[in-house]
Structure formats: C-alpha cells, structure tokens
Amino acid sequence: MNALQKQYERELALQDIGMDILKNARNELYMNMRFLDVALSSLRFEVSGGIHLIATDGRVLQFHPEMLASLFRKGRERVNHTYLHSIVHCLFGHVWNRKKRDEEYWNLACDIAAEYVIDGLMVRAVYLPKSALRREFYHRLKEEGHVVTAERVYRMLCLMHPTQVYLDGLKREFTVDDHCLWEPEDARKNGMPQRQRWDDIRERMQTEMEAFSKEASDDVKSLTEQVQMENRERYDYKEFLRKFSVLKEEMTVDMDSFDYIFYNYGMNLYGNMPLIEPLETKEMQKVEDFVIVIDTSMSCRGDLVKSFLEQTYAVLSESESFFRKINLHILQCDDRVQEDVKITNRREMEQYLSHFTAKGLGGTDFRPAFAYVEQLLRQQSFQKLRGMIYFTDGYGIFPVKKPTYETAFVFLERDYRDVDVPPWAIKLILEEEEMMPAEVSKDGNWQERRKE
C-alpha cells in the first residue's frame, strides 16, 4: 500500500470518527436537556477541510475532522460545549442577523452571548472552568442588569472601545466555531425560511422548558431567559403608531387619481384643454388628536425618555403621518401631572424636543394622567381624540375604568419579564436599542441614523 493510499484511508477514518464524535455529543446533550431534541437533530453533519473546527448555516454542521478529533482528546465536555455553541447561534438568529454592523465586533458579541448562556447552565455535560478574563467580563454584563443578548453585547463593545490587545484576548477566550457560513447582508432573504424554521423550534422549545419541573428550570435558567425574550412578539413601531391615525382629506394633489391617457387625449384634441385634472384633495391616514404621556418617575432615565420622544417624532413627522395642523398634548407625569405642552405643528414639536427637560422624578401613578385627559375632553380640547401612548417602566397604579379612547402602554425592556396591563390597554415592549435614535459605531461615536 503506497503512502497516498494510506493518507486517503486515514482521512476516511478520521471522517467516520468525526461523525461518531458529533453523534455521541448530540446524544449526550439530548439526555441532559431533552427540550433540545428538535434543535439537536436539525443540523446534518458534513466534512469540510476549509473551516476552523466547526461551522453552521442553520442547515448543516460542517466539521474539520482532525481539529474535532484533537478537541475530543481534551475531553467530551469540550465537544458537547462546542456543539451546543453552534446550536445557540441558530436558536437566537445570530446566523441571519448581521445587518450593517461591524463584522469583527458582531462575531465576537454573538460568541460572548452564546458562551454566557452555556456557562450559565448547571449541566455537567457542557461545564468548562471559567478563566479570570471570562469571569471579569461576565461581571460587567451582569452589572448592566439585562438579559444578555448579542445586540446588547455588541453595543457594550462599541461603547467600551477596547484596545486591540484586549479585543484579541476576548476573541481567543470566546471564539469557539467558525462563522464563515453565516448569511451575508446581501443574501439575507435567502435565509428567511431557515430563520423561520429555527424561530418555530425555539417557540416549541420554550413550551417544553416551561413544562419541566422547577428544579430542571433552575438548572437552565440562563437559557430559559434568553428563549423567553427572543420569543416575545416583535413590533414595528411605525405600524403601531398607525393604529392611532384617522382617514381624512387633506389639500394636496392626489396623483393616484391622475389618468395620463385622458389628459394627453384632451391636450391633443383641444390643444390646451385636458379632459381630466387630478383631484386637489386626497384621503390620507394621519395622526391628528393625540396624547403622549411620559413617565418621569425616578425609575425612568431622562435620556431614554428623550430618545423615545425623538423616535416617535421621527415616525410622526413623515409626510404621511402629520396633518399640517395637529393637536398633540405631551404630558409629563410621575404621581401627578407635572407639565402639559400642546403641539400644533412641526416647528413647535422640534422646539420642544430641543429644549426637553424631564420634570417630576417622584413615584409612579398612571391615574392622574387619565384624569387630566378626561378633564381636557370635558373642556372640548380635542375634536376627536384617537388615543394615548404612555411611555413607562410599568411599575405603577393603573386606572380601573376603561377610557373612551385607545390606550397603549409602551415599556422599555430591561429584563425578560413582562408587565401585566389592564385588558382594555395595548401593551408594547420595545428594546432599548430600538429607542436609540443613533447607531453606535466601532470607534465609539454615535452616528445619526433614521430608522426606515
């Protein structure tokens, strides 16, 4: 047998060994965390010599036979840990969620978020000792008080603006798999069916996790929190605000009703007499009478309140949202109404935002704002009040009686727990990142970015 034949047989043997290693890892993970059954069986194994250790695109799990065998010699737990790391990437959409972010920071943020979840599991099959650097970074994350997501780790890295030496240390500590198969931004539509499949897997997984005993749930608390947060319904804030718009005619040319065929026919036939002119009014869905209440209690940060107002104004100020004349009341309220500012046009709104200062900082009671709006209604301050948006942390006293207008409580998500609202109210939970009017760049500066 020549050397080439021996090398070929050795490679085939390594491939078979690699397949067996991954199958055993999958079985061991399943025996310890049975709610992962569908997730673990959703990736088929493929051999690849052009990757570092393992890589996945949500359909296959590619592995480098020699690297995988070398990792196995260091212990089964390391292989289990690595396998689960790639599964976590798929479960939480890291594979399809690059957007327009810095690739180096985003890849590291996804690895840190995945490792944080796995290290929080009280499961011996995936347990690995934590280094001092890892413990120190986890301590920073816990100080934030949020459920750790890749998006929040990414923002934290941007604000930290770490030195290259520290960044390289983090990459050596947290990098586990290869991200070369992840969907690039320009191919994001191609990955939508795969992402939807993994979203369905994650939703089913939450049901099975919640059916476990309390002891089992405590063992996988970090994963449970992440799953609950990811499965929370997502909202398009622009579409949400349209719930409060009214259909009304406005003085503007309705180009949709313009017929160029008849127009040209008339001009050709009579010289300068078009047969049809465009309508001078157009029915449009716009916000007219409206109330925004800002919770200025001590638990609501002033910068986030201002960001919420700026984000709301960015949506309302579009040509398809504001009437030329509006009737918008912005209330600041803690345990009593501290301020009422009436906005009638864009200029007044821009002036208000440029000089905004939070007033109050007392306790939280929602009832005074509702009582004040009822008083405005009795004074006929509104022609037709469409609704109220109440921006708050949720920890306050709700009114018992349903108002005559639609009401929505907007909560800023600081952890995974939702706040119960009365059955007559709409609940909208937004992440802190959604309310920021700018995106953090890699150099730590804030870059202005209007959400589309």
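## Close-up views of a predicted model

**View 1. Cys158 and its helix, H7.** Let's start with Cys158, a residue that sits in helix H7. Keep in mind that everything here comes from a predicted model. Is Cys158 buried or exposed? Its relative accessible area is 0%, and buried means under 20%, so Cys158 counts as buried. Now look for Trp106: it is 52 residues away from Cys158 along the chain, yet the two C-alpha atoms are separated by 9.9 Å. Helix H7 itself spans residues 150-160 and is mostly covered, with nine of its eleven residues buried. Besides Cys158, the buried residues of H7 include Ala150, Glu151, Arg152 and Val153. Tyr154, Arg155, Met156 and Leu157 are on that buried list too.

**View 2. Arg101 over two rings.** The charged end of Arg101 sits over the Trp106 ring, 4.2 Å from the ring's centre. That charged end also sits over the ring of Tyr154, with 5.8 Å to the centre. Tyr154 is one of the buried residues of H7.

**View 3. H6 against H7.** A quick bit of background before you look. Two packed helices are described by the angle between their axes and by how far apart those axes are. For H6 and H7, the angle is about 105° and the axes are 12 Å apart. Angles of 65 to 115 degrees count as roughly perpendicular, so that is the label for H6 and H7. Which residues of H6 meet H7? They are Phe137, Arg140 and Leu141, and their partners in H7 are Val153, Met156, Leu157 and Met160.

**View 4. H6 against H8.** Helix H6 also packs against H8, again at an angle of about 105°, here with the axes 10 Å apart. H6 and H8 are therefore roughly perpendicular to each other. On the H6 side, look for Leu133, Arg134, Glu136, Phe137 and Tyr138. Across from them in H8 are Tyr166, Gly169, Leu170, Glu173 and Phe174.

**View 5. An aromatic pair between H6 and H8.** Zoom in on two rings from the previous view. The whole model has 14 aromatic pairs. One of them is Tyr138 with Phe174, a tilted pair with 5.9 Å from centre to centre and 50° between the planes. This pair links distant parts of the chain: Tyr138 is in H6 (residues 132-144) and Phe174 is in H8 (residues 164-174), 36 residues apart. Both Tyr138 and Phe174 are buried.

View 6. Phe366 lies in the loop between H15 (346-354) and H16 (367-378), while Tyr390 belongs to strand E8 (residues 387-392), so the pair ties together parts that are 24 residues apart in sequence. Phe366 is buried, at 0% relative accessible area. Tyr390 is buried as well, with a relative accessibility of 0%. Ring pairs also join Phe366 and Tyr390 with Phe370, Phe398, Phe409 and Trp424 in a cluster.

**View 7. Two loop residues with a positive phi.** Leu53 isn't a glycine, but its phi is positive, about 65°. You'll find Leu53 in the loop between strand E1 (44-47) and strand E2 (54-56). With a relative accessible area of 8%, Leu53 is buried. His161 isn't a glycine either, and its phi is positive at about 50°. This His161 lies in the loop between H7 and H8. His161 has 46% relative accessibility, so it counts as partly exposed.

**View 8. The whole chain.** Zooming back out, how many helices and strands are there in the chain? There are 17 helices and twelve strands. Of the 452 residues in the chain, 49% are buried. Among contacts with a separation of 6 or more, 70% come from residues 24 or more positions apart.

Terms used
Residues numbered from 1 in each chain as written. Predicted model: local features only at pLDDT ≥ 70, side-chain atom pairs only at ≥ 80, totals over all residues. Heavy atoms only, no water. Phe/Tyr/Trp six-rings, centres within 6.5 Å; stacked < 30°, edge-to-face > 60°. Helix = DSSP H or I, 4+ residues; strand = E, 2+ residues; numbered from the N terminus. Buried < 20%, exposed > 50% of the residue type's maximum accessible area, 1.4 Å probe, protein only. Lys NZ or Arg CZ within 6 Å of the ring centre and 35° of its normal. Axes fitted to C-alpha atoms, helices over the stretch in contact; angles between N-to-C directions. Parallel < 35°, antiparallel > 145°, perpendicular 65-115°, else oblique. Contact = heavy atoms within 4.5 Å.
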